[in-house]
Number of protein chains: 2
Amino acid sequence: MPRPQVKLRLLLGDGRTFGPGKAELLTLIAQLGSITAAGREMEMSYKRAWGLVEEMNASFCEALVTTARGGAGHGGAQVTELGYEVLSHYRNLVGAVEVAGANDLEFIALSLSLGKDDLPGPEDTVMFTKT
Amino acid sequence: MPRPQVKLRLLLGDGRTFGPGKAELLTLIAQLGSITAAGREMEMSYKRAWGLVEEMNASFCEALVTTARGGAGHGGAQVTELGYEVLSHYRNLVGAVEVAGANDLEFIALSLSLGKDDLPGPEDTVMFTKT
């Protein structure tokens, strides 16, 4: 029984958002040390990846990603301490859905792929007493 | 301190999704008894609202919304038992983020609007012993 996949987006006010795309980009920058390489992995242009990094940096009180100077920003990139913290808290939120909401996700998964008569419910008890 | 607003989308496989838009539409159909009126409330056309209802109905093992016959589907609409159940479990999932993830949401809120030096952390202890 495949579980529904959870996509979580946070609206941060003033049109700012943090969601699955930025979280993945941040994760890849941490792994690859490069905005260009991280963007390439996600099949986006350097310009698009850089735009998302600028959005993230402007959303928080400190930058989440810093870049080495030189080569018009094509130098290496590092995820900052705050960047790792934001990513960690975001992952906790997704985990909260998957753990605290496990039963709810299971109900939804079951209601997709099985007839409703097969779902557990008070009707089952009635069926057993009937026979 | 405003908390980030949580938007949750479920990927149900085969390109099917259930998220904030469909949940709101379902809620409004339950309140207003009409797909047209619910769509109007969300500033979408009848065609768009109907399309979303068809998507929802096709995603689950039974319809989430049924319509009265007559007037080319412009009759009344009802949310089914399964519709209410899916909506309830979806709301539980959003609630799980807000309750189980309260501390994570608070960290993110604080990191948006205050300098990082104001965030609670081990550094605070050091500062107190320094003075």
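The buried residues of H4 in chain B are B:Leu82, B:Gly83, B:Val86, B:Leu87, B:His89, B:Tyr90, B:Leu93, B:Val94, B:Ala96 and B:Val97. Buried here means under 20% relative accessible area, exposed means over 50%, and partly exposed lies in between, with a 1.4 Å probe and protein chains only. The helix covers residues 81-100 of chain B, and its 20 residues reach 28 Å from the first C-alpha to the last, close to the 28 Å expected at 1.5 Å a residue. The expected span is 1.5 Å times one less than the number of residues. Helices (H or I, at least four residues) and strands (E, at least two) are DSSP runs, numbered from the N terminus.

In chain A, the end C-alpha atoms of H4 (residues 81-100) are 28 Å apart, which agrees with the 28 Å that 20 residues should span at 1.5 Å a residue. Buried residues of H4(A) include A:Leu82, A:Val86, A:His89, A:Tyr90 and A:Val97.

## Basis of the model

This is a predicted model, in which local features need pLDDT of at least 70 and side-chain atom pairs count only at pLDDT 80 or more, while totals for chains, interfaces and linings use all residues. Residues are numbered from 1 along each chain as its sequence is written, chains are lettered from A and ligands numbered from 1 in the order in which they are written, and side-chain values use heavy atoms, with hydrogens and water left out.

## Relation of the chains

Chain B is superposed on chain A by a rotation of 180° with 0.0 Å of shift along the axis, at an RMSD of 0.0 Å. The two copies are thus related as by a two-fold rotation axis. The same surface serves both copies, since 100% of the contact residues of chain B recur in chain A. The superposition is by least squares on the C-alpha atoms of residues with pLDDT of at least 70 in both copies; contact means heavy atoms within 4.5 Å.

Within chain B, B:Leu8 comes closest to the rotation axis, with its C-alpha at 2.4 Å.

## The shared sheet

Four strands form an open sheet in the order E2(A)-E1(A)-E1(B)-E2(B), with antiparallel pairing. Strands E2 (16-18) of chain A and E2 (16-18) of chain B stand at the edges, each with a single partner strand, so one side of each is left without a neighbour in the sheet. From one strand to the next the twist averages 25°. H4(A) packs on the sheet, where it touches E1 (5-13) and E2 of chain A together with E1 of chain B, and its direction makes about 130° with that of E1(A). Axes are lines fitted to C-alpha atoms, for helices over the stretch in contact, and angles run from 0 to 180 degrees between N-to-C directions.

Two strands count as paired if DSSP finds at least two bridges between them. The antiparallel strands E1(A) and E1(B) are joined by seven bridges, and A:Leu11 stands opposite B:Gln5 in E1(B). Three bridges join E1(A) to E2(A), also antiparallel; in E2(A), A:Leu11 has A:Thr17 as its bridge partner. In chain B, E1 (residues 5-13) is joined to the antiparallel E2(B) by three bridges, and B:Gly13 has B:Arg16 as its partner in E2(B).

## Nonpolar core

The largest nonpolar core has 68 residues, of which A:Phe18 and B:Phe18 touch the most other members. Such a core is a set of buried Ala, Val, Leu, Ile, Met, Phe, Trp, Tyr and Cys residues joined through side-chain atoms within 4.5 Å. Leaving aside residues up to four places away in sequence, the contacts of B:Phe18 include B:Leu8, B:Leu26, B:Met56, B:Phe60, B:Val86 and B:Tyr90.

## Loops and single residues

A:Asp14 lies in the loop between E1 and E2 of chain A. The hairpin of these strands has two residues between them, and A:Asp14 takes a positive phi near 50° there. A:Asp14 is exposed, with a relative accessible area of 75%. In chain B, B:Glu43 lies in the loop between helix H2 (35-41) and helix H3 (46-59). Phi of B:Glu43 is near 60°, a positive value in a residue other than glycine, and B:Glu43 counts as exposed at 75% relative accessibility.

A:Thr80, in the loop between strand E4 (77-79) and H4 of chain A, counts as buried at 17% relative accessibility. Beyond four places in sequence, A:Thr80 touches A:Ala63, A:Leu64, A:Val65 and A:Thr66.
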